[in-house]
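Subject: Handing over the structure, with notes

Dear colleague,

Please find the structure below, together with the sequence that goes with it.

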Amino acid sequence: MNIVLFGPPGVGKGTQGERLASETGASHLAMGDILRAAVRDETEAGLQARAFMDAGKLVPDEVVVAMIEDKITGDGGFLLDGFPRNVAQAEALEVMLAGHDMTIDRIIFMDAPEKNLIDRLSGRLICRACGFGFHRHYSPPRETGCCDRCGGELYQREDDREDVIANRLHVYQEQTQPLLAYYQDKQGFRKLDASGEMDAVYAALTKAVKD
Ligand code: AMP
């Protein structure tokens, strides 16, 4: 199955998407993770992307479209998380998929009130080694600063600082929210309330995928 997950930053696309992908065998294509890996490895795309990411702005379409095209294959299905993030990217995705004779089975819009998003983003901690996510209050690590899974060091993403969060939410309203009008009448569109507990949201997500 091929799935697109979209919604505001902090809504839980990454956490929920990773779980869904691991349980269905689909490849989890998280645009933010792909970009952060490129920045870390100092690839040409990573060098182009870095300043945009640190400022909470969208990386130019031609950079992200080329990066995602490299990752989409016909094997086992995919779960796109964080791509597309504007209408131009959605159109590029359609062209790309048509060229590979592939279609999207589900387009799932996850949403939650802004207060929840700010709360989730500002308390988020990520493991530098394995990428697993924690939250200072809602899912703290057993030992402060240390990943439960692998013992790696936890850090706060540069763009999870409050000033950058405000910018990301603004960019979302301006550029990503119009995707809702683009997708909502398409076949396979589902809307999900992602304001609840993690397990409840996951149950609603799996239902949206099956129904
Ligand atoms: P995320 O991890 O999904 O919150 O993404 C982190 C940052 O990566 C965003 O704030 C953007 O700077 C960049 N980014 C992720 N996905 C895209 C995309 N589809 N288009 C442009 N920039 C993106």
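In what follows, a polar contact is a pair of N or O atoms within 3.5 Å; within protein, one of the two must be able to donate a hydrogen and the other to accept it, and residues adjacent in sequence count only if both atoms are side-chain atoms. Please keep in mind that this is a predicted model, in which local features need pLDDT of at least 70 and side-chain atom pairs count only at pLDDT 80 or more, while totals for chains, interfaces and linings use all residues. Residues are numbered from 1 along each chain as its sequence is written, and side-chain values use heavy atoms, with hydrogens and water left out.

The ligand

With that definition in hand, we can look at Arg-85, which has a polar side-chain atom 2.9 Å from a nitrogen atom of the ligand. The protein covers 95% of the 490 Å² of accessible area that the ligand has on its own, where accessible areas come from the Shrake-Rupley method with a 1.4 Å probe and, for residues, only the protein chains shown count as cover. Backbone atoms also take part: a polar backbone atom of Gly-82 is 2.8 Å from a nitrogen atom of the ligand, and a backbone N or O atom of Lys-57 lies 2.6 Å from an oxygen atom of the ligand.

How many residues surround the ligand? There are 16, and the closest are Arg-36, Lys-57, Gly-82, Arg-85 and Gln-89; a residue is counted as near if one of its heavy atoms lies within 4 Å of the molecule. Sorted by class, this shell has seven nonpolar, three polar and six charged residues. Here Ala, Val, Leu, Ile, Met, Phe, Trp, Tyr, Cys and Pro count as nonpolar, Asp, Glu, Lys and Arg as charged, and the others, Gly among them, as polar. Helix H2 (residues 31-40) gives the largest share of the shell, four residues.

The chain as a whole

The chain has nine helices and eight strands, these being DSSP runs numbered from the N terminus, with helices (H or I) of at least four residues and strands (E) of at least two. Its radius of gyration is 16 Å, close to the 17 Å that the globule rule gives for 211 residues, so the chain is as compact as a globular protein of that length. That radius is taken over C-alpha atoms, and the globule rule is 2.2 Å times the number of residues to the power 0.38. Of the 211 residues, 45% count as buried, where buried means under 20% relative accessible area, exposed means over 50%, and partly exposed is in between (1.4 Å probe, protein chains only). Among contacts between residues at least 6 apart in sequence, 71% join residues at least 24 apart, a contact meaning heavy atoms within 4.5 Å.

A cis peptide bond, with omega about 0 degrees, joins Phe-83 and Pro-84, and Pro-84 has its place in the loop between strand E3 (78-81) and helix H5 (87-99). Glu-42, in the loop between H2 and helix H3 (44-54), has a positive phi of about 55 degrees although it is not a glycine; Glu-42 is exposed, at a relative accessible area of 59%. Asp-101 likewise has a positive phi, near 60 degrees, in a residue other than glycine, and it sits in the loop between H5 and strand E4 (106-111), where it is exposed with a relative accessible area of 77%.

Two buried residues

Is Arg-157 buried or exposed? At 10% relative accessibility, Arg-157 counts as buried, and its side chain makes a polar contact with the side chain of Asp-159 (2.9 Å). Not counting residues up to four places away in sequence, Arg-157 touches Arg-36, Arg-124, Ile-126 and Arg-168.

His-135, in strand E6 (residues 133-135), is buried as well, with a relative accessible area of 7%. A polar atom of the His-135 side chain lies 3.0 Å from the backbone nitrogen of His-137, and a polar atom of that side chain lies 3.2 Å from the backbone nitrogen of Tyr-138. Leaving aside neighbours within four places in sequence, His-135 is in contact with Asp-119, Arg-120, Gly-123, Arg-124 and Pro-140.

With best wishes
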